[in-house]
Amino acid sequence: MINVTFSDSLSGCLKMADYYAKESNNEIQDLKENLYSLYLNLDLGDVSEQPFGKKRENDFVKMFGNEDIPFMRKWFNSELKKIDKIEKLVKKGHDIRIWYTERTNEFCGFCWLLSMLDLWGVENNKILYVKLPQSILFDNGRYEIFGGSGMFEPKIISQLVNTQHYLTESYKNYHIRQWQRVREENAEMRVSINSQLLSVSADFYDSIIISEIGKLGDTFKQAEAIGNCLAKLWVYDSFVAWRIDEMIEKGLFEIVEEAKTGSQYYCRTLRKNIKGENLMENTKDDKRIIEVYDAYIEQCTNEPEAFLDATNGITYYAKKNYWLILETIDHFIRIGYDGINFFKKDNVFLNSLDYMKPCVYTYEGEEHDEYIRTLFCGERLKNTYEKKGHYYAEFDSFSIEIIPYEDNEELPQIDRKDFSSYKNLYGCERFITKKCKCGGVGKLLLKFDYIYVVRCDKCKSATNIAFTANEAIESWESGNIPEDLSDIVIE
Ligand SMILES: [Zn+2]
């Protein structure tokens with residue numbers, strides 16, 4: 001008998017199980033005869049070659065990119081040698097028993113091995129298989145789920161061998177067809193769902209991995225994220241590590257601290273809030289800002305906390321835990337104390353953005369987000385940079401300076417109750433395209449935080465008061481300027 005598994009742990013278990021089988025005088029006692037565990041990882045990488053060649057070898061090595069490459073090549077070749085030995089033994093007439101579960105890499109291995117046995121001309125009556133169950137309800141009422149064949153105890157395995165079957169034509173054909181199909185499709189990855197192999201892209205599990213990372217803090221250990229994912233996904237730690245590496249590559253995370261020497265490379269510390277220089281390119285194209293939120297995580301107060309001041313240039317006074325969120329088609333751009341960060345929308349960390357609820361501090365029950373929206377509407381972010389602890393974001397027609405709230409000694413005194421005069425408001429000039437009959441140019445003025453007018457800079461004719469900047473600008477553009485605001489004070 002030849003015993004083949006796709007798991008080192010199961011092979012170890014079979015050696016013990018063999019002992020129990022003999023001790024209990026089980027009918028089947030050849031559990032460790034010609035025992036081979038094949039470590040093929042066929043759920044990932046190129047599977048087009050039969051037998052395996054260079055493409056498979058390169059992908060096998062690449063899957064463990066952070067490991068020793070010559071060692072991985074050696075490993076791959078030792079797997080090929082095992083396959084050779086199995087081929088020789090079956091061709092000599094030995095029976096073969098294949099142990100597997102429907103965990104993807106084992107299921108791929110099983111379907112692949114049946115294809116090879118067929119190719120080698122091995123008859124069905126020489127092939128046995130033990131399909132290990134995903135769960136067992138024991139006689140004493142205990143219920144257990146098995147994430148893969150490595151999770152069984154030897155005593156249980158010594159019993160489960162009795163569930164073995166000889167291969168039938170129909171069973172063989174079904175599984176060989178599965179393998180043929182995924183070989184032709186030759187996708188980046190395969191998953192086993194409902195006893196079927198499906199070809200998928202390598203980012204298939206990314207949303208689950210990202211949602212697990214979302215539950216961790218802004219700074220987190222890659223190893224912890226991997227551990228949490230393994231509890232949900234029946235994949236290898238090296239796979240999840242690789243997916244997170246790809247996300248680091250894409251700019252979703254930054255490495256804060258490397259792993260200590262001697263430990264796995266992924267025992268390192270990562271941070272979510274990345275500087276998005278490599279994502280800038282995307283926002284430069286036609287990805288115009290379509291929405292803006294002021295965001296906070298603490299309770300709103302009537303006092304201005306972080307706030308945008310557009311009365312004298314455009315400055316964002318940043319406080320910890322308050323952000324201005326700009327939304328483009330593909331990204332959220334977060335402006336705040338920690339600079340300018342990007343979040344790609346399809347990779348949004350739900351838990352981080354949960355607290356970025358659209359909100360602006362309220363003043364006497366009124367919300368004042370409209371003038372912020374007006375500034376950003378239709379703008380593109382062109383550039384970001386940092387200078388002496390201040391961040392700068394350049395848009396199509398204006399730029400914002402981001403100043404830490406407490407660093408600025410000359411904070412404008414905003415006493416809202418005495419805010420009786422109008423202020424010039426910069427940033428909306430491009431929306432004011434018409435000139436006054438007298439030839440003057442329209443200027444957007446703001447009283448308190450919510451009364452807008454557009455006034456001619458020459459004859460001082462003005463629109464009616466409006467509660468949104470857009471409304472005032474629309475009036476101006478339609479030539480509706482009945483007010484005379486020649487006597488008002490401009491601060
Ligand atoms: Zn005029």
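The model is predicted: local features need pLDDT of at least 70, side-chain atom pairs count only at pLDDT 80 or more, and totals for chains, interfaces and linings use all residues. Residues are numbered from 1 along each chain as its sequence is written. The chain holds 13 helices and 28 strands. Both are DSSP runs numbered from the N terminus: helices are H or I with at least four residues, strands are E with at least two.

**Overall make-up**

- Of the 491 residues in the chain, 33% are buried (20 or more other C-beta atoms within 10 Å of the residue's own, with C-beta atoms placed from the backbone).
- Among contacts with a separation of 6 or more, 59% join residues 24 or more positions apart. A contact here means that two C-beta atoms, placed from the backbone, lie within 7 Å.

**Five-stranded sheet**

- Five strands form an open sheet in the order S14-S15-S23-S22-S21, with mixed pairing. Two strands pair if DSSP finds at least two bridges between them.
- The edges are S14 (307–309) and S21 (381–387), each pairing on one side only.
- From one strand to the next, the twist averages 20°.
- S21 and S22 (residues 390–395) run antiparallel and are joined by six bridges.
- Lys387 has His390 in S22 as its bridge partner.

**Nonpolar cores**

- A nonpolar core is a set of buried Ala, Val, Leu, Ile, Met, Phe, Trp, Tyr and Cys residues joined through C-beta atoms within 7 Å.
- The largest such core has 45 residues. Tyr316, Ile335, Leu444, Ala472 and Ile473 have the most contacts inside it.
- Strand S16 (residues 322–327) gives the most to this core, with five residues.
- Domain 3 (282–414) and domain 4 (417–484) each supply at least three residues to this core. These bounds come from an automatic or database domain assignment.
- Leu444 touches Leu425, Cys428, Ile432, Tyr452, Val454, Ala469, Ala472 and Ile473, not counting residues up to four places away in sequence.
- A second, separate core has 41 residues, including Leu42, Val47, Tyr100 and Trp112.

**Helix pair H4 and H6**

- The axes of H4 (residues 104–119) and H6 (residues 169–185) come within 8 Å and cross at roughly 110°. Axes are lines fitted to C-alpha atoms, for helices over the stretch in contact, and angles run from 0 to 180 degrees between N-to-C directions.
- H4 is therefore roughly perpendicular to H6 (65 to 115 degrees).
- H4 makes the contact through Phe110, Cys111, Trp112, Leu114, Ser115 and Asp118. From H6 come Lys172, His175, Ile176, Gln178 and Trp179.

Note on methods. A residue is buried if 20 or more other C-beta atoms lie within 10 Å of its own, exposed if 12 or fewer, and partly exposed in between; C-beta atoms are placed from the backbone. Angles under 35 degrees count as roughly parallel, over 145 as roughly antiparallel, 65 to 115 as roughly perpendicular and the rest as oblique.
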